[in-house]
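Here are a few friendly notes to read alongside the model. Take the points in order, with the structure open beside you.

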Amino acid sequence: MTSSHDDDVNMEDVLPEQGETGTLRVGDEEADRRLDRWLADRFGGHTRSRMKEIIKRGNVTREGTAIKNPALKVRPGDLFEITMPEIAHAIPLPENIPLEILYEDLDLIVINKPAGLVVHPAAGNWTGTLVNALLHHCADSLSGVGGVARPGIVHRLDKDTSGVMVVAKNDEAHQGLTENFSTHDIERVYLALTIGAPRPGIGSVDAHLGRSSSDRKKMAVVKPQSNPSARRAVTHYRKLASYGIGRAKLPGDSVASLISCQLETGRTHQIRVHMAHIGHPLIGDQLYGRGPGLAGLKPGEAATDAALEVLAKFKRQALHATILGFEHPVTGKPLRFEVEPPEDFQRVVAVLEQL
């Protein structure tokens with residue numbers, strides 16, 4: 001529906017809804033601002049990237065001429081007509097996949113993701129993902145992210161990593177959560193089972209990560225001056241428990257440990273790469289680890305045989321996002337969620353405790 005152009009209707013500063021057209025006039029104090037940034041500030045609930053997209057589509061005009069340059073500097077008195085496009089349907093289709101929901105309101109949803117669930121559709125996993133599930137569950141409450149009726153993914157967990165995740169339902173929440181993550185103003189704690197025990201038991205790994213030069217599917221610790229994809233990554237870890245003390249090669253060493261990892265940054269595979277980098281890869285990590293075996297465990301004892309049997313069936317990295325704390329991007333309310341590891345993770349802990 002398009003706004004009326006009758007002479008007795010004031011056409012200035014009419015914010016359009018989706019599928020409608022409205023007008024905005026530039027004030028004296030707003031001169032020389034980029035058009036996309038000026039529009040984003042005026043609309044409030046939309047990101048600059050969203051406004052840039054609308055401008056490039058020719059949906060913003062001045063004196064009847066479409067303006068397609070998002071970097072155009074606005075002038076005092078300029079009158080822009082903006083047509084907000086209808087929300088397009090997301091390419092992924094809604095699927096009725098059960099979700100464990102920890103919290104939900106009009107702006108966001110927090111879930112406990114199971115291991116084995118891919119977050120976003122991609123090659124090899126176009127269906128059966130978290131996005132498909134959220135499109136079904138949130139069908140009537142998605143106001144659109146980036147102009148598309150889809151959930152806003154601001155962080156991801158690997159397919160075989162379990163734990164707490166937050167997803168935005170609209171542009172305003174998406175922008176606020178993205179800013180929280182980019183400024184590291186968020187609490188993220190993971191539980192990991194590692195091979196061996198890091199020494200010291202409390203420490204930090206501050207090492208840049210980038211694509212591996214030998215395998216593009218892997219991340220690696222790299223030197224920033226020689227790798228253009230390098231990004232600083234910081235993981236703070238603390239050993240919570242050690243298992244099988246005295247069975248490993250070094251006197252007094254252990255075959256496995258339960259580690260708490262707090263992220264200062266959030267890079268792809270960060271904990272998995274950092275722990276492998278210091279010599280203690282995650283149990284079950286087929287990409288960065290050493291397979292299911294643990295050095296020092298030899299068959300023949302009941303506890304050892306039980307542990308080896310459970311470990312052989314554990315086909316994923318032992319990593320669980322246990323705590324997520326952040327400020328609500330719309331209300332400002334502090335939120336914090338803590339979830340226990342799933343049953344398969346706890347089974348591994350149980351048999352390791354018997355060593």
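1. A nonpolar core is a set of buried Ala, Val, Leu, Ile, Met, Phe, Trp, Tyr and Cys residues joined through side-chain atoms within 4.5 Å; buried means under 20% relative accessible area (1.4 Å probe, protein chains only). This is a predicted model, where local features need pLDDT of at least 70, side-chain atom pairs count only at pLDDT 80 or more, and totals for chains, interfaces and linings use all residues. Residues are numbered from 1 along each chain as its sequence is written, and side-chain values use heavy atoms, leaving out hydrogens and water.

2. Which residues touch the most other members of the largest nonpolar core? They are L130, M165, Y190, C261 and I271, in a core of 27 residues. Helix α3 gives the most to this core, with four residues. (Helices are DSSP runs of H or I, at least four residues, numbered from the N terminus.)

3. Look next at Y190. Not counting residues up to four places away in sequence, Y190 touches several residues, among them L157, I259, C261, I271 and L319; contact means heavy atoms within 4.5 Å.

4. Now find helices α6 (residues 302–313) and α7 (residues 343–353), which pack at an angle of about 160° with their axes 9 Å apart. Axes are lines fitted to C-alpha atoms over the stretch in contact, and angles run from 0 to 180 degrees between N-to-C directions. That angle makes α6 roughly antiparallel to α7, a term for angles over 145 degrees.

5. Who makes the contact? A306, A307, V310 and L311 come from α6, and R347, V348 and V351 from α7.

Technical notes
Buried < 20%, exposed > 50% of the residue type's maximum accessible area, 1.4 Å probe, protein only. Helix = DSSP H or I, 4+ residues; strand = E, 2+ residues; numbered from the N terminus. Parallel < 35°, antiparallel > 145°, perpendicular 65-115°, else oblique.
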